[in-house]
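Hi,

Here is the structure I promised to pass on. Have a look at it first, and my notes follow below.

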Amino acid sequence: MPLGHRGKVVRGELRVRNRDLVPPGEPIAKEFIDAVEMGVQLGAKTREQADAYLAELSDSRGNMFLSFLTADLHPRIERDYGTAPSGHGLFGYSYGGLFSLYAWLTGGTFFESIGAGSPGIVSADSQVFAQLQAMGDSQPATKLHVTLNDREILGDVAIYQNLAKNAATFLQRLPSRSGSVTSEVMHETHVTGLQASFLSYLRTCRTR
């Protein structure tokens with residue numbers, strides 16, 4: 001879950017995670033709504049929990065969480081523990097991967113490298129496509145590493161199929177695939193792919 005949550009907020013960590021990791025204005029895909037509704041039908045969520053879950057996605061604040069990481073959290077860590085002046089990295093998986101893409105597209109220079117594991121681009125109308133189009137022919141200098149899982153692509157879960165398809169489309173729409181943008185397909189499912197994706201990012205972007 002995102003850093004900085006405590007008290008009563010922790011009990012709703014999945015809802016708050018969605019709110020903080022998703023770019024503002026991100027559409028809620030029908031496949032995602034269907035998945036939440038299935039959870040209600042199967043008894044995994046109550047109607048109240050499902051409605052609250054979707055409500056957080058309607059009020060997404062990825063911009064505020066990015067500002068918190070760079071303007072609030074990092075200076076505090078730097079003050080209390082000391083950090084290197086450069087070489088910072090960011091990695092996120094699923095909705096965290098969507099957040100990582102959003103951070104990369106903002107064009108900030110705080111992070112030297114960014115990893116986006118199975119980024120949660122559930123909708124073909126995602127804000128990251130609008131950001132990419134607005135970027136034009138330019139491209140951030142920050143290194144970007146994107147991973148997908150083959151079981152997402154080849155499996156039969158619609159939300160994961162769309163996620164993988166949209167992530168591949170994002171890579172295809174980049175104005176150029178210079179050495180600063182890399183990608184890899186992992187032999188995992190969406191559920192099991194976190195560790196493999198993170199290690200792929202470390203191997204590709206964080207070795208010296």
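Starting at the N terminus, the elements of the protein chain go α-α-α-α-β-α-β-α-β-α-α-β-α. That makes nine helices and four strands, where helices (H or I, at least four residues) and strands (E, at least two) are DSSP runs, numbered from the N terminus. The radius of gyration is 17 Å, close to the 17 Å that the globule rule gives for 208 residues, so the chain is as compact as a globular protein of that length. (That radius is taken over C-alpha atoms, and the rule is 2.2 Å times the number of residues to the power 0.38.)

Before you read on: this is a predicted model, so to speak of local features I needed pLDDT of at least 70, and side-chain atom pairs count only at pLDDT 80 or more, while totals for chains, interfaces and linings use all residues. Residues are numbered from 1 along each chain as its sequence is written, and side-chain values use heavy atoms, with hydrogens and water left out.

Some overall numbers. The C-alpha trace spans about 50 × 40 × 30 Å along its principal axes. Of the 208 residues, 43% count as buried; buried means under 20% relative accessible area, exposed over 50%, and partly exposed in between (1.4 Å probe, protein chains only). Taking contacts (heavy atoms within 4.5 Å) between residues at least 6 apart in sequence, 76% join residues at least 24 apart.

Now to helix α6, residues 127-135. Which of its residues are buried? They are Val-128, Phe-129, Gln-131, Leu-132 and Met-135. Seen down the axis of α6, these fall within an arc of 160 degrees, so they line one face of the helix; the arc is that of the directions from the helix axis to the C-beta atoms. As a reminder, an α-helix has 3.6 residues a turn, so residues three or four places apart point the same way. Gln-133 and Ala-134, on the other side of α6, are exposed. The cover over the buried residues includes α5 (95-105) and α8 (158-173). After α6 comes Gly-136, with a positive phi near 70 degrees.

Ser-94, in the loop between β1 (89-93) and α5, has a positive phi near 65 degrees although it is not a glycine. Ser-118 sits in the loop between β2 (113-117) and α6, and its phi is positive too, near 40 degrees. Ser-118 is buried, with a relative accessible area of 0%.

Cheers
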